[in-house]
Amino acid sequence: QKQRRRGRCQCQCQCPDDDDAMGKVGKGTGALGKRHNKTHTLCVRCGKRSFHNQKKVCASCGYPSAKIRKYNWSVKAIRRKTTGTGRCRHLRHMPRRFKNGFREGTQAVRSKSAAASS
């Protein structure tokens, strides 16, 4: 009886039923060709490819949870996502609006220096 050793028979021939013949036994280059199923897709909230298809939960932001996923053990991740790292479409106008007292529907009063020069 032939003794099997690591996917090949003792005579070192490549048997047709051999899994190792195509080099896909380990985790390396050969095994990468077998990967064609996607576990994660794009998340609606954060836009990353972190939304788990079966669990229906985002690994990055925690969607559909109401609270954003955030842990203090990963300070770098918090730094990447915090306020000021994006466009700040609303927040960037707040210092100017606060300075003017959040006025709306009025026109700014002309300053005297601009009126005097003309």
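## Salt bridge

A salt bridge is a side-chain nitrogen of Lys or Arg within 4 Å of a carboxyl oxygen of Asp or Glu, and by this rule the count comes to 1 salt bridge. The side chains of Glu104 and Arg97 form it, with a distance of 3.6 Å from N to O. Side chains of opposite charge can pair when their charged atoms come close.

The accessibility classes used here are buried for under 20% relative accessible area, exposed for over 50%, and partly exposed in between (1.4 Å probe, protein chains only). Glu104 is exposed, at 63% relative accessible area, whereas Arg97 is partly exposed, at 27%.

## Basis of the model

This is a predicted model, in which local features need pLDDT of at least 70 and side-chain atom pairs count only at pLDDT 80 or more, while totals for chains, interfaces and linings use all residues. Residues are numbered from 1 along each chain as its sequence is written, and side-chain values use heavy atoms, with hydrogens and water left out.

## Sheet

Helices (H or I, at least four residues) and strands (E, at least two) are DSSP runs, numbered from the N terminus, and two strands pair if DSSP finds at least two bridges between them. On this basis 3 strands form an open sheet in the order 1-2-3, with antiparallel pairing. Its edge strands are strand 1 (40–41) and strand 3 (57–58), each of which pairs on one side only.

Strand 1 pairs with strand 2 (residues 51–52) in the antiparallel sense over 2 bridges, and His40 stands opposite His52 in strand 2. Strands of a sheet pair through backbone hydrogen bonds, either parallel or antiparallel.

## Aromatic pairs

Rings of Phe, Tyr and Trp (its six-membered ring) pair if their centres lie within 6.5 Å, and planes under 30 degrees apart count as stacked, over 60 as edge-to-face and the rest as tilted. By this rule the count comes to 3 aromatic pairs. One of them is the tilted pair of Phe51 and Tyr63, at 6.2 Å centre to centre and 55° between the planes. Because Phe51 lies in strand 2 and Tyr63 in the loop between strand 3 and helix 2 (75–81), this pair ties together parts that are 12 residues apart in sequence. Phe51 is buried, at 14% relative accessible area, whereas Tyr63 is partly exposed, at 30%.

The pair of Tyr71 and Trp73 is stacked, because the ring centres are 5.4 Å apart and the planes are at 15°. Tyr71 is partly exposed, with a relative accessible area of 43%, while Trp73 is exposed, with 66%.

## Cysteines

A disulfide is a pair of cysteine sulfur atoms within 2.5 Å, and the count comes to 0 disulfides. For Cys58, the nearest cysteine sulfur is that of Cys61, 3.6 Å away. Cys58 is buried, at 3% relative accessible area, whereas Cys88 is partly exposed, at 25%.
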